[in-house]
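Please read it with the sequence and the structure at hand.

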Amino acid sequence: MDNPNKESIDKLNDLIAIAADGREGYENAAENIEDHGAKASFRQFSQERASYVSQLQQEIIALNGKPKDSDGDVQGALHRAWLDIKSTFTGGDREAIVDGCITGEESAIESYEKALEKEYISGNTRSLLNEQLSGIKNALNVIKSYRDNP
């Protein structure tokens, strides 16, 4: 029997991959940046993304679906800006790391906004996505402050 929430579940699984990529990207950024303030922020953002993954997984379960693991998947490839940028992190170049995080967050925002355009996203799911989107936008503003105030 098909689950009437299949489209929502599929979209949430896509967002799990994106949040997992963000978690990993921020962890890599924190490990490779010298700026202690940015390092602390990136660790916090990594923890937030881990929380987003867990919340999205719980929402899928509430929709009688099966959440994918948080290792990312094909849809997460849309957000691979984090992983592509990862290689620039190894040099510890503050500007490259900050710019990479900005790119990653802009990509995540785009994915969340596209998900919220879907009519089948409703109720608690819509509220959860709006809450997470707000957190991503706040993180982006903090990261941009690191770029604007070196």
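1. Nonpolar core. Of the 37 residues in the largest nonpolar core, Phe42, Leu56, Tyr112, Leu129 and Ile143 touch the most other members. Such a core is a set of buried Ala, Val, Leu, Ile, Met, Phe, Trp, Tyr and Cys residues joined through side-chain atoms within 4.5 Å. At least two residues of this core come from each of H1, H2, H4 and helix H5 (123–148), and H1 gives the most, with 10 residues. Helices here are DSSP runs (H or I, at least four residues), as strands are (E, at least two), numbered from the N terminus. In soluble globular proteins, nonpolar side chains tend to be buried together.

2. Basis of the values. This is a predicted model, in which local features need pLDDT of at least 70 and side-chain atom pairs count only at pLDDT 80 or more, while totals for chains, interfaces and linings use all residues. Residues are numbered from 1 along each chain as its sequence is written, and side-chain values use heavy atoms, with hydrogens and water left out.

3. Surroundings of leucine 56. Which residues does leucine 56 touch, not counting residues up to four places away in sequence? They are Leu12, Leu15, Ile16, Tyr112, Leu128, Leu129 and Gln132, where contact means heavy atoms within 4.5 Å.

4. Aromatic pairs. The whole structure contains three aromatic pairs. One of them joins tyrosine 26 and phenylalanine 45, and is tilted, with 5.2 Å centre to centre and 55 degrees between the planes. Rings of Phe, Tyr and Trp (its six-membered ring) pair if their centres lie within 6.5 Å; planes under 30 degrees apart count as stacked, over 60 as edge-to-face and the rest as tilted. Tyrosine 26 belongs to helix H1 (residues 6–32) and phenylalanine 45 to helix H2 (residues 36–62), so the pair links distant parts of the chain, 19 residues apart. Both tyrosine 26 and phenylalanine 45 are buried; the term means under 20% relative accessible area, with exposed over 50% and partly exposed in between (1.4 Å probe, protein chains only). Tyr26, Phe42, Phe45 and Tyr146 form one aromatic cluster.

5. The structure holds nine salt bridges, each defined as a side-chain nitrogen of Lys or Arg within 4 Å of a carboxyl oxygen of Asp or Glu. Among them, aspartate 10 meets lysine 6 (2.7 Å, N to O). These two residues are four apart in helix H1, and therefore separated by about one helical turn. Aspartate 10 is partly exposed at 35% relative accessibility, as is lysine 6 at 48%. Another bridge joins lysine 11 and aspartate 14, with the closest N and O atoms 4.0 Å apart. Lysine 11 is buried at 17% relative accessible area, and aspartate 14 is buried at 15%.

6. A salt bridge between helices. Arginine 49 and glutamate 105 meet through their side chains (2.3 Å, N to O). Arginine 49 lies in helix H2 and glutamate 105 in helix H4 (residues 94–116), so the pair ties together parts that are 56 residues apart in sequence. Are the two partners buried or exposed? Arginine 49 is buried, with a relative accessible area of 2%, and glutamate 105 is buried, with 1%. Glu48, Arg49 and Glu105 are linked in a network of salt bridges.

7. Backbone at asparagine 64. Asparagine 64 is not a glycine, yet has a positive phi of about 60 degrees. Most residues other than glycine have a negative phi. Asparagine 64 is found in the loop between H2 and helix H3 (81–89) and is exposed, with a relative accessible area of 64%.
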